[in-house]
Amino acid sequence: MEYLYKTKGTCSSQIKLNIEGNIITDVSFTGGCNGNLKAIPALVNGLTVDEIEGKLSGITCGSKGTSCGDQLAKACREAFEYQKSREA
């Protein structure tokens with residue numbers, strides 16, 4: 001299932017991801033730091049929601065209270081919960 005997440009407090013404005021069960025694939029960011037936003041998807045594709053949250057939740061960028069990685073962790077959890085609600 002494709003899921004779009006509008007980021008909050010980061011240079012990137014949106015995250016698009018695919019979720020199958022609890023596995024995340026095809027992550028892409030709109031906006032943000034080009035190199036980081038190529039690296040993050042390469043590192044997380046194929047991981048579970050829990051693994052991504054464990055690695056990225058709480059990471060901050062400069063003086064911001066969040067980061068693109070932190071926002072990705074939130075996006076993955078939100079997509080997972082939305083997917084579950086549609087299956088119920």
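## Report on a predicted protein chain

At 45% relative accessibility, threonine 60 counts as partly exposed, where buried means under 20% relative accessible area, exposed over 50%, and partly exposed in between (1.4 Å probe, protein chains only). The model is predicted: local features need pLDDT of at least 70, side-chain atom pairs count only at pLDDT 80 or more, and totals for chains, interfaces and linings use all residues. Residues are numbered from 1 along each chain as its sequence is written, and side-chain values use heavy atoms, with hydrogens and water left out.

Threonine 60 is placed in the loop between helix H2 (49–56) and helix H3 (68–87). Apart from its neighbours within four places in sequence, threonine 60 is in contact with Gly65, Thr66 and Ser67; contact means heavy atoms within 4.5 Å. Glutamate 87 is 27 residues from threonine 60 along the chain, and the C-alpha atoms of the two are separated by 33 Å.

### Overall architecture

The protein chain has 3 helices and 3 strands, which follow the pattern β-β-β-α-α-α along the sequence. Helices (H or I, at least four residues) and strands (E, at least two) are DSSP runs, numbered from the N terminus. The C-alpha trace spans about 40 × 20 × 20 Å along its principal axes. For 88 residues, a compact globule would have a radius of gyration near 12 Å, and the 12 Å of the protein chain agrees with this. That radius is taken over C-alpha atoms, and the globule rule is 2.2 Å times the number of residues to the power 0.38.

Of the 88 residues in the protein chain, 39% are buried. Among contacts with a separation of 6 or more, 45% are between residues 24 or more positions apart. The accessible surface comes to about 4900 Å², and carbon and sulfur atoms hold 52% of that area; the areas come from the Shrake-Rupley method with a 1.4 Å probe, and for residues only the protein chains shown count as cover.

The protein chain carries 10 positive and 10 negative side chains, and the centres of the two sets lie 8 Å apart. Lys and Arg count as positive and Asp and Glu as negative, whereas His and the chain ends are not counted. Each charge is placed at NZ of Lys, CZ of Arg, CG of Asp or CD of Glu.

Valine 27 belongs to strand S3 (residues 23–31) and is buried, with a relative accessible area of 7%. Beyond its neighbours within four places in sequence, valine 27 is in contact with Ile15, Lys16, Leu17, Pro41, Val44, Asn45 and Leu72. The C-alpha atoms of valine 27 and tyrosine 82, which are 55 residues apart along the chain, are separated by 17 Å.

Glutamine 83 lies in helix H3 and counts as buried at 7% relative accessibility. Not counting residues up to four places away in sequence, glutamine 83 touches Met1, Ile19, Glu20 and Gly21.

### Cysteines

A search of the whole structure finds 0 disulfides, a disulfide being a pair of cysteine sulfur atoms within 2.5 Å.

Cysteine 33 is partly exposed, with a relative accessible area of 44%, whereas cysteine 68 counts as buried at 15% relative accessibility.
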